[in-house]
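Subject: Structure handover

Hello,

Here is the structure for you to work from. My notes follow below it.

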Amino acid sequence: MISCNDAVRQLWEYLDGTVEGADLESLEEHLSRCRRCCAELEFAEELRGFLHAAADDEVPEDVMTRLNATLKELGGQ
Amino acid sequence: MGVVAFAQVISEGPNTEPDGKSPTPSFEQLAREQLPRLYAIAKGLVGDAAEDAVQDCLTKSFERFGQLDDPGAARAWITRILVNCCHDRGRRSARRPQEVELSEVEEFSLYRKIAQEDPFPYSDTLHIDFLGSFGPEDVREVLQGLPELYRIPLVLVHMYGYPTKDVARILDAPLGTVLARLHRGRKLFERRMWDYAEETGILEGDGR
């Protein structure tokens, strides 16, 4: 049987799918009876999505123009 | 690969391998396709210095294109060069990450901290409200304040969805090392999210 602290330490890894074997078994056993750790697991999942959502995928047009110009310049050498 | 060889690659377009492997893209094709992704990653790693880091990356990867043996590894290869360029740019900037207090961070839980401090006493969705107080630029600011050792795996894995084994390849580090840095990086990120909220007062506008 593992403590809440032990369970919480593994939540992100659990979401990654990298907790295996006996560790996975004891973590899932803990989660099945600990509502607070389940809530914390949901929050960890939320936080992961939150990090992903903060990714800035847009390249400003002027930046893209300058980067493409560098590529062209390299190609023309 | 020298300059002439590069020009040949550009003019000849993709090569088809005799053994039926995937064709080798030209440097320009490869780099052009990757530009948005490279810029986005650089933004996560070095913020405002992103454009300079990508410019460095283009020049360096052009110079080393001949060392790329496996076209299938091109994405990881150019990302590795970018990460190194970001490292160099970060070193030159005046900004220094705060000291890391790892032993203290290991047991930190943002979930519990929010519950204890209760920044939104009238809310039923305390934790979600906490996250909702952060804009994307705040999150990037928190990431920028993390030591590079932890910032790189966090940005690559959680912002841009790189599998941890690819990150190990990019960083040329054992998988176990990457997983350990990722673990500490997440904990540190949770801790710094809280510190940032306190320091900037972003929770105050929401009824604290």
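**Chain A: fold and extent**

Chain A has five helices and zero strands. Read from the N terminus, its elements go α-α-α-α-α. Please keep in mind that this is a predicted model.

The overall dimensions of chain A deserve a look. Its radius of gyration is 22 Å, whereas a compact globule of 77 residues would have one near 11 Å. Along the principal axes, the C-alpha trace of chain A spans about 65 × 25 × 15 Å.

**Where chain A meets chain B**

How many residues of chain A are in contact with chain B? There are 27 on chain A, and they touch 31 residues of chain B. Four helices of chain A each give at least two residues to the side that touches chain B: α1 (4-9), α2 (11-16), α4 (35-53) and α5 (61-76). By class, that side of chain A holds 14 nonpolar, six polar and seven charged residues.

**Chain B: two domains**

Chain B is assigned two domains. Domain 1 covers 3-92 and domain 2 covers 102-206. Their contact draws 11 residues from domain 1 of chain B and 13 residues from domain 2 of chain B.

On the domain 1 side, α2 (27-46) and α4 (74-92) of chain B each supply at least two residues. Which helix gives the largest share of that side? It is α4(B), with six residues. The domain 1 side that touches domain 2 of chain B comprises five nonpolar residues, five polar and one charged.

**Chain B: two helix pairs**

Helix α9 runs over residues 148-159 and helix α10 over residues 164-171. They pack at an angle of about 135°, and their axes are 10 Å apart. That angle is why α9(B) counts as oblique to α10(B). The crossing of α9(B) and α10(B) is right-handed.

On the α9(B) side, the contact uses B:I152, B:P153, B:L156 and B:V157. On the α10(B) side, B:T164, B:V167 and B:L171 meet them. The contact of α9(B) with α10(B) has six nonpolar residues, one polar and no charged ones.

The other pair is α8 and α11 of chain B. Helix α8 takes in residues 136-144, and helix α11 takes in residues 175-200. Their axes come within 10 Å and cross at roughly 120°. So α8(B) and α11(B) are oblique to each other. Their crossing is right-handed.

Which residues make this contact? From α8(B) come B:D138, B:E141 and B:V142. From α11(B) come B:F189, B:R192, B:M193 and B:Y196. The classes in the contact of α8(B) with α11(B) are four nonpolar, no polar and three charged.

**To compare on screen**

The contact of α9(B) with α10(B) has no charged residues, whereas the contact of α8(B) with α11(B) has three. For polar residues, the α9(B)–α10(B) contact has one and the α8(B)–α11(B) contact has none.

Best regards

Terms used. Residues numbered from 1 in each chain as written. Chains lettered and ligands numbered in written order. Predicted model: local features only at pLDDT ≥ 70, side-chain atom pairs only at ≥ 80, totals over all residues. Domains from an automatic or database assignment. Contact = placed C-beta atoms within 7 Å. Nonpolar A, V, L, I, M, F, W, Y, C, P; charged D, E, K, R; others polar. Axes fitted to C-alpha atoms, helices over the stretch in contact; angles between N-to-C directions. Parallel < 35°, antiparallel > 145°, perpendicular 65-115°, else oblique. Left-handed = near helix turned anticlockwise from the far one by under 90°. Rg over C-alpha atoms; globule rule 2.2 N^0.38 Å.
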